[in-house]
Amino acid sequence: MIKYLRILFLGNSQMAQLYFYYSAMNAGKSTALLQSSYNYHERGMRTLIFTAEIDNRFSHGKVSSRIGLSADALLFSPTTDMADIIKKENSAQKVNCVLIDECQFLTKLQVEQLCDVVDNVDIPILCYGLRTDFSGELFAGSQYLLAWADKLVELKTVCYCGRKANKVLRIGSDGIPMYEGAQVDIGGNEKYISVCRKHYSDAIKQAQLMNSGIIQKKPINFN
């Protein structure tokens with residue numbers, strides 16, 4: 001009776017939740033995802049891992065980390081019904097946790113589907129991804145995860161100056177930061193660098209001066 005009253009008035013602390021682990025690039029998001037999945041497997045539990053079909057930096061159908069860890073993953077695209085796949089997998093064999101890499105590429109509808117799974121199927125979902133793009137704008141998936149997730153966790157990385165890096169610069173083939181272009185342009189360290197807000201602003205201003213011909217064009221040194 002006491003347990004029932006506690007749940008009635010305080011809520012069931014064991015209920016599943018939707019988590020959003022966000023950061024700039026190179027903060028170890030994929031490594032953290034793979035470690036979480038391993039922790040479940042170590043206890044005899046089953047996980048489902050998803051990653052974005054658009055991200056072709058590594059083998060399709062795998063989540064890979066910079067330190068060499070990897071695991072098989074289901075692919076999602078903007079048309080994937082996340083709830084349908086998870087519910088079918090859970091019906092076939094119990095799923096204890098769902099982990100999603102590159103979750104910034106989720107659509108608003110897909111984030112709604114994840115909320116449905118958490119609330120009505122009681123499966124925890126851990127999402128890992130970028131918060132903002134190279135121009136400082138939110139990705140769609142990140143926008144709605146920030147709005148609707150139960151838990152928000154920032155994974156930190158550092159700028160070359162030692163401050164926390166919370167911005168991402170896209171570097172052109174000429175070594176000059178870009179401030180215009182398509183939101184999605186898949187790449188790694190050869191194209192993106194995580195920096196603090198100050199050095200992001202400084203780099204963009206310098207790039208604008210170069211592109212307007214006020215100062216000489218040359219690659220910016222980020223060391």
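Mentor: Contact here means heavy atoms within 4.5 Å of each other. The model before us is predicted. By that definition, and leaving aside neighbours within four places in sequence, Ser-142 is in contact with Phe-20, Gln-104, Leu-130 and Arg-131.

Trainee: Where is Ser-142 placed, and why is Ser-142 called buried?

Mentor: Ser-142 belongs to helix H5. Its relative accessible area is 0%, and buried means under 20%; Ser-142 therefore counts as buried.

Trainee: May we turn to Gln-110? Which helix holds Gln-110, and why is Gln-110 called buried?

Mentor: Gln-110 lies in helix H4, which covers residues 108-120. With a relative accessible area of 1%, against a cut-off of under 20%, Gln-110 is buried.

Trainee: What surrounds Gln-110?

Mentor: Beyond its neighbours within four places in sequence, Gln-110 contacts Phe-76, Ser-77, Pro-78, Thr-79, Thr-80, Met-82 and Phe-105. Phe-76 is 34 residues away along the chain, with a C-alpha separation of 9.8 Å from Gln-110.

Trainee: Which residues of H4 are buried, and what do they pack against?

Mentor: The buried residues of H4 are Gln-110, Val-111, Gln-113, Leu-114, Cys-115, Val-117 and Val-118. The elements they pack against include strand S1 (18-23), strand S5 (74-76), helix H3 (82-92) and helix H5 (140-148).

Trainee: What makes the phi of Asn-26 worth a remark?

Mentor: Most residues other than glycine have a negative phi. Asn-26 is not a glycine, yet its phi is positive, near 65 degrees. This residue sits in the loop between S1 and helix H2 (29-42). At 29% relative accessible area, Asn-26 is partly exposed.

Trainee: What is the phi of Glu-102, and why is Glu-102 called buried?

Mentor: Glu-102, also not a glycine, has a positive phi of about 55 degrees. Its place is the loop between S6 and H4. A relative accessibility of 10% is under the 20% limit, so Glu-102 counts as buried.

Trainee: Why is the pair Lys-62 and Asp-72 called a salt bridge?

Mentor: Side chains of opposite charge can pair when their charged atoms come close. A salt bridge needs a Lys or Arg side-chain nitrogen within 4 Å of an Asp or Glu carboxyl oxygen. Between Lys-62 and Asp-72 the N to O distance is 2.7 Å, so the pair qualifies. The pair links distant parts of the chain, Lys-62 in strand S3 and Asp-72 in strand S4, ten residues apart. Lys-62 is partly exposed at 33%, whereas Asp-72 is exposed at 57%.

Trainee: How are Lys-198 and Asp-202 placed in helix H6?

Mentor: They are four residues apart in H6, and therefore separated by about one helical turn. Lys-198 is partly exposed at 43%, and Asp-202 is partly exposed at 32%.

Trainee: How do you know that Glu-42 and Arg-43 form a salt bridge?

Mentor: Their closest N and O atoms are 3.8 Å apart, and the limit is 4 Å, so this pair counts too. Glu-42 and Arg-43 are both exposed. The structure holds seven salt bridges.

Trainee: Why is Ile-214 called exposed?

Mentor: Exposed means over 50% relative accessible area, and Ile-214 has 60%, so it is exposed. Ile-214 is found in the segment after helix H6 (197-211). With Leu-209 and Ile-215, Ile-214 makes a nonpolar surface patch of about 250 Å².

How values were computed
Residues numbered from 1 in each chain as written. Predicted model: local features only at pLDDT ≥ 70, side-chain atom pairs only at ≥ 80, totals over all residues. Heavy atoms only, no water. Patch = residues over 30% accessible without salt bridge, like charges linked within 9 Å, V, L, I, M, F, W, Y side chains within 5 Å. Areas by Shrake-Rupley, 256 points an atom, 1.4 Å probe, with all protein chains shown as cover. Helix = DSSP H or I, 4+ residues; strand = E, 2+ residues; numbered from the N terminus. Buried < 20%, exposed > 50% of the residue type's maximum accessible area, 1.4 Å probe, protein only.
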